Amino acid sequence: MNASDYTKMGVNKSVLVDELERKSENLQSRRTFLTASGLLAATGAVATGALSKAVSAATKETAGQPLPLPADFATAAQTPPEVPKLPMTGATLFARACKAEGLAALFCCPGNYTVTHAMAKIGIPVYTGRDERSMSHAADAFTRATGEVSATSGTEGPGFTNLISGLANAKAARTPVLFIASNKSVREEDAEVAIQLMEQESVTSHMVKWQKRLVNAHRNHEYAAYAFRQLKTGVPSPVHLNFTAEAGDEKLKKPGDIAYNFDKCLYRTEAKPNPSPAHVVKSIALLRQAARPIIVSSTGVFYSKAWDALRQFAEKTQIPVVESGAMRGQFPDDHPLSATCSPDALASADVVMLIGQYCMPSIGEYAFGPDARYIRIDPAAEDIGRNLPIEVGIVSDEKAALEVLVQDAPAMRHDAWIAEIMAARKKFEDENDAMYQQVLAYKDAVHPGVIAKELAEFLYRGNIPKEQTLIGSGGFGVARYTRRWLRAYRPAQIVNGQYQFGTVGADVGYAVGAGIAVKEGHGVQAPYKGHPTITIMGDAAFGYSGMETETLAKLRIPAIIIVYNNNAWGTWYLQADEPRVVPMHLFQENIRYDKMAEALGANGIYVTKPEEFTPALKKAYKTAVETSMPTVINVQGKKEYWQREKLPPGFLGKVEPGVTSYYH
Ligand SMILES: Cc1ncc(C[n+]2csc(CCOP(=O)(O)OP(=O)(O)O)c2C)c(N)n1
């Protein structure tokens, strides 16, 4: 829908959305608001318009009725935050430091009460869900989508262990998330009195950039400073703090009780490492020798906000750019120098400049040939040379290095190489189109090739601006189709959910975090504030985190969840000739995830035929715009689509946009 479509229906879309947004912030019942404001009649007419009727005729849709929200939500929203003052608990002292650092969001479940309650009371935005694991994925996605540090929390013992999956994902993606957990008292240490005791540091030691067990309330501000120094400088990664009861509960009475009570501008620096002139000269010399140079833009380009400098450098030197990393869009896919959709050309690159590629692939994992020579720009000298032979290592903040390179590099031309890249892009797109034509033959269920192509048509060639919608790109088999079609035109338009750690099931958690980031317009999502987001996943994945659909509904997040429902774990086809093994990979058939969504206060649409998919998507998008409520589109596929010999093209290989960007 575009603005003129709404105008034709007599609805001013921006006013409608603004009104709804405002109401959502007050966390009152949307239905009550709509009725009271008279909007219900207007939007009700829209909702039952021509499109809606067409959709209802074709699909089984469940008309979502928002479930009542307790009045406590509105009361909370109207209660002003507390201003911390002495005497205060250690928990409040820590929360105060987080607030001063601008901590953008805390995603958690009840537990670690003293600290999380102190954070809520002083006004840090807190979002609670149904499982600490999903909430840790939400924090990871929020930070990947915005570039802003977020936090996640669990209670001691089981709350903490539930955070581990999210921590491992965040570490693989190098996401700066603050992981906090309570941890009983020093007094009880090792005694196994009471429940839920466990030592935490050895569990997280290989998954964090820094960790600390806090035992002394007097030092909570000081250790918050340690944490934020780590989170906001150098190569980002998660930090883990665990709070003993003593550190949370103890009261601080006078200013002298707070150790190292410096402001953030005194305990950390905004200075960044700059490139050494000699290494800049060497890099330029190597690039000038190259006939087919290429830049790999990865995670560090996002966190250092280097996209403008990257573009200037690429344009001045006419060096193509391929994206890789935990999020995409820092170099737009429609730029003439983009090589992201030219997988076949990459093998012939002769000099590769890796920028902010924190998670390093090894030879053979990359799409480059064995004779490629490498330059690497990275803030961590100690990582340069791991996995790949690096001829020039520039130790620098990515943006600082690119700004110097823009100044110092001469203009260059690589016309033949760029033509090769363009031809490879066309070949890739032609291949995708041919595959779509091929899968249109399958009529009895929805093929993932239909989802991929039609989603792209809707997002990039329909009525909404192509850079508008954030996509959470998840799934296993389905992703091998969707990732061929998804595009990114601005920073963090795509969040690669399972980047490198490959967790099946993180996705609805990711939808919560990325959804809050866009709904509230944090960081680089500010220009897209309030717009719907879309997350794709398999049915096995939805099984892990589907309960967070309730969280999406509770928080009024306008998210669209596409579940590719093939009645199986995507791994089933590898054992298709092992009768005793196959059932290990199967579910009951045709599960109604859409009805589950409805029961949880969201909307659900069940799509069973290819021609129903696009109308369902339009309907879900319209619902998201008009009501800020989520929809689960349960798309019925079939497991046999993964059998290449029987139903080609079957389970696809790993050719996709980017430098095998899913993995690196
Ligand atoms: C937590 C977790 N368990 C198991 C695996 C191994 N694994 C990788 S893909 C996959 C199947 C995923 O199936 P589904 O989510 O339905 O994806 P689809 O193939 O339909 O896209 C499994 C079991 C994993 N990566 N993560």
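**Stop 1: a loop residue.** Select Arg 268, which lies in the loop between helix 15 (264-267) and helix 16 (277-289). Helices here are DSSP runs of H or I with at least four residues, strands are runs of E with at least two, and both are numbered from the N terminus. The model is a predicted one: local features need pLDDT of at least 70, side-chain atom pairs count only at pLDDT 80 or more, and totals for chains, interfaces and linings use all residues. Residue numbers start from 1 along each chain as its sequence is written.

Leaving out residues up to four places away in sequence, Arg 268 touches Ala 225, Phe 228, Arg 229, Lys 232 and Thr 233. Contact means C-beta atoms, placed from the backbone, within 7 Å.

**Stop 2: a helix pair.** Select helix 7 (residues 90-100) and helix 13 (residues 220-232). Their axes come within 8 Å and cross at roughly 35°. Axes are lines fitted to C-alpha atoms, for helices over the stretch in contact, and angles run from 0 to 180 degrees between N-to-C directions. Show the side chains where they meet. Helix 7 brings Gly 90, Leu 93, Phe 94, Ala 97 and Cys 98, while helix 13 brings Asn 220, His 221, Ala 224 and Ala 225. By class, this contact has six nonpolar, three polar and no charged residues. (Nonpolar: Ala, Val, Leu, Ile, Met, Phe, Trp, Tyr, Cys and Pro; charged: Asp, Glu, Lys and Arg; polar: the others, Gly among them.)

Stop 3: Next comes an open sheet of six strands in the order 4-3-5-6-8-7, paired parallel. Strands pair if DSSP finds at least two bridges between them. At the edges sit strand 4 (126-128) and strand 7 (210-214), each pairing on one side only. From one strand to the next, the twist averages 20°. Zoom in on strand 5 (residues 150-154) and strand 6 (residues 177-182), joined by five bridges. Pick Gly 154: its bridge partner in strand 6 is Ala 181.

Key:
Two residues are in contact if their C-beta atoms, placed from the backbone, lie within 7 Å.
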